[in-house]
Amino acid sequence: MKRAIGVSLALLCLLTLTSCYGLRQINELAIVTAVGLDLGEKPDTIRVSVQIIRPADARGQTGAPSGGTGEPIYSVSAEGKSIFEAIRNLGQFTSRRVYWAHNFVIVMHEDYAKKGITDMVDFFTRNHELRMNTWVAVTPDSPAEVISTITGLEVVPGEAVDRLFRDNEIIGLAPGSNMMSLEETFLSRSIQSVLAKVSLKPRGISNKKPGEHGSIKQVDLAGAAVFQRDRMVGWLTPKDARGLLFFIQNLESGIQVLSCPNRDANVTAEFRHAKTKVKAIYRNGELAFDVQVKTDADIVESGCDIPISEIRSDLTKQLEKHLKKGLEDVVDKSQHTYRSDFLKLGDVFRNEYPREWHKLSAKWEQVYADAKVNVTVKADITSTVLKAAGRGVK
């Protein structure tokens, strides 16, 4: 009898779970795929721009919408004294509730980032619909234009930027910054934030006017924005950003153009599987970091008339010199130009010397600026065969 009563109660509970409480149909939602943040026209206001997908018009897989209005996205902007108020103001002319779960990217204007991004981090980390793997970037251009520019082969601009970020480790010219990594550095006492830079470049070619090269703007992912606490303090060039990646994430590959000995011609090397090891050394009150980088490389293109095997040693030294210079340049910008530990060296020191870190953390900015950083690069050109060519060149 007790067992029968228990089964009945269980069935009753299951029946209460079959309804979809709070369910909203897709045609009731404004599905956001990209967000832009900028300073408003009125003082102390924020402009929020959103890219909303039109499902019926974004079904085409070849770049051509399949029906409806012919536009795969609908982009709108609104202003408010806070991000939340600006979003609520979108409701004055947007007929559907804004839905964030499919957002790909948040793009901030540099002027907005320079005033501080505490409100942005707070709002988007509190939003239960937002995914923490949403990409975050800074732009010197209009965020509204960036998130509305159709880029590459994708119908939806937000999805195109998402794919640029997913392949950034191969290109190696910008960090893969998302909300998770931003929150981690934002809350840390030992390291500072660095976000990818996106900008609009006239690189697209019109199919109707192929002679007008660069007549179409495209979103370019290269470089980075440096932060000191919650404020942006400057830019890193794409070359600096490549040096940055050796410290903060895996660099899958990179290209370095070298010179042929005794000839005005070039050799292109692809370095790959780079491994970086950083060690903190604290003695007699002085801090130093030992940075060691090891990488393999292949020759992928050559204009030399000398067999590559005969000049491999010279090319290896050139590659090591170029990579070392790139690492030293980004270290100098981190320590002295911006005084911002975005290379995560503070984490290394804190993990190796927890007691000393407790004493020095309050004045870490100055301690970090005074630290010596020694960089060593060891490259190994493992293949001298031009793999992409029709025949090998040894």
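Helix 9 (residues 238-248) and helix 10 pack with their axes 8 Å apart and at an angle of about 90°, the axes being lines fitted to C-alpha atoms over the stretch in contact and the angles running from 0 to 180 degrees between N-to-C directions. Helix 9 is therefore roughly perpendicular to helix 10, a class that covers 65 to 115 degrees, with angles under 35 counted as roughly parallel, over 145 as roughly antiparallel and the rest as oblique. Helices (H or I, at least four residues) and strands (E, at least two) are DSSP runs numbered from the N terminus. The model is predicted, with pLDDT of at least 70 needed for local features and 80 or more for side-chain atom pairs, while totals for chains, interfaces and linings use all residues. Residues are numbered from 1 along each chain as its sequence is written, and side-chain values use heavy atoms, with hydrogens and water left out.

In this packing, Asp 240, Arg 242, Gly 243, Leu 244, Phe 246 and Phe 247 of helix 9 meet Leu 323, Gly 326, Leu 327, Asp 329, Val 330, Val 331 and Lys 333 of helix 10, contact meaning heavy atoms within 4.5 Å. The contact comprises seven nonpolar, two polar and four charged residues; Ala, Val, Leu, Ile, Met, Phe, Trp, Tyr, Cys and Pro count as nonpolar, Asp, Glu, Lys and Arg as charged, and the others, Gly among them, as polar.

Helix 10 has 26 residues and reaches 36 Å from its first C-alpha to its last, close to the 38 Å expected at 1.5 Å a residue, where the expected span is 1.5 Å times one less than the number of residues. Among its buried residues are Leu 323, Gly 326, Leu 327, Val 330 and Val 331, buried denoting under 20% relative accessible area, exposed over 50% and partly exposed in between (1.4 Å probe, protein chains only). Ser 334 also lies in helix 10 (residues 312-337) and, at 0% relative accessibility, counts as buried. Beyond its neighbours within four places in sequence, Ser 334 contacts Arg 339, Ser 340, Asp 341, Phe 342, Leu 343 and Tyr 368. Arg 339, which follows helix 10, has a positive phi, near 50°.

One disulfide (a pair of cysteine sulfur atoms within 2.5 Å) is found in the whole structure. It joins Cys 260 to Cys 304, with an S to S distance of 1.8 Å. Cys 260 lies in the loop between strand 10 (253-259) and strand 11 (266-283), and Cys 304 in the loop between strand 12 (286-302) and helix 10, so the pair ties together parts 44 residues apart in sequence. Both Cys 260 and Cys 304 are buried.
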